[in-house]
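Open the model in your viewer and keep the sequence panel beside it. The tour below goes from one selection to the next and says what is found at each stop.

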Amino acid sequence: MARPRLVLATTLQDLASLGAGRRAPAMRGAASGEIVGVLRRAIVNVDLAPGTALNESEVATQFGVSRTVVREAVKSLVAKGLVVTGPKVGTRVLTQDKWN
């Protein structure tokens, strides 16, 4: 079985730049919502392919937020069925047939 590729920093920089023209969110919930929107678009547009691993630390660094904010965003993406999380597996993008 082929190992899913990790999200490269350049990919995350590209994703972070999608929201670069917007004003910085004043609250953690707003920041989380921005990250959800950017990652959701990237998943739906297959910029993040199914099986891609998301590294919370890298995402937090690229967006300039704490890992707590990224975890909130990941919870929203899990609820939408776009990603799955698990121990020793991390966060992975799901295939389109599993989306809600």
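Begin by colouring the chain by pLDDT, the predictor's confidence in each residue, from 0 to 100. This is a predicted model, in which local features need pLDDT of at least 70 and side-chain atom pairs count only at pLDDT 80 or more, while totals for chains, interfaces and linings use all residues. Residues are numbered from 1 along each chain as its sequence is written, and side-chain values use heavy atoms, with hydrogens and water left out.

Select residues 1-6, where pLDDT stays under 50 and the model has nine contacts (heavy atoms within 4.5 Å) beyond four places in sequence. Then select residues 20-27, another segment with pLDDT under 50, for which the model has five contacts beyond four places in sequence. Where pLDDT is low, the predicted coordinates should not be read in detail. For the protein chain, the mean pLDDT is 79, and 71% of the residues reach 70 or more.

Next, switch to a cartoon view, which shows four helices and three strands; here helices (H or I, at least four residues) and strands (E, at least two) are DSSP runs, numbered from the N terminus. From the N terminus on, the order of these elements is α-α-β-α-α-β-β. Of the 100 residues in the chain, 34% are buried, where buried means under 20% relative accessible area, exposed over 50%, and partly exposed in between, with a 1.4 Å probe and protein chains only.

Now select the strands, which form an open sheet of three in the order β1-β3-β2 with antiparallel pairing; two strands count as paired if DSSP finds at least two bridges between them. β1 and β2 (83-86) stand at the edges with a single partner strand each, so one side of each has no neighbour in the sheet. Four bridges join β2 to the antiparallel strand β3 (residues 90-93), and at this pairing V84 can be found opposite R92 in β3.

Move to T52, in the loop between α2 (28-44) and β1 (53-54). T52 is buried, with a relative accessible area of 1%. A polar atom of the T52 side chain lies 2.5 Å from the backbone oxygen of A49.

Which residues does I35 contact, leaving aside its neighbours within four places in sequence? Select I35 in helix α2 and display its surroundings: the contacts are V59, F63, V65, V69, V70 and A73. I35 counts as buried, at 1% relative accessibility. Although I35 and F63 are 28 residues apart along the chain, their C-alpha atoms are separated by 7.8 Å.

The structure holds two of them. In one, R67 pairs with E56, the closest N and O atoms being 3.9 Å apart; this pair links helix α4 (residues 67-79), which holds R67, to helix α3 (residues 56-63), which holds E56, across eleven residues of sequence. R67 is partly exposed, with a relative accessible area of 41%. In the other, R71 forms a salt bridge with E56, with the closest N and O atoms 3.3 Å apart, and again the pair links α4 to α3, here with residues 15 apart. R71 is partly exposed as well, with a relative accessible area of 35%. Through shared partners, the salt bridges join E56, R67 and R71 into one network.

Technical notes: Salt bridge = Lys/Arg side-chain N within 4 Å of Asp/Glu carboxyl O. Polar contact = N/O pair within 3.5 Å; in protein donor to acceptor, adjacent residues only side chain to side chain.
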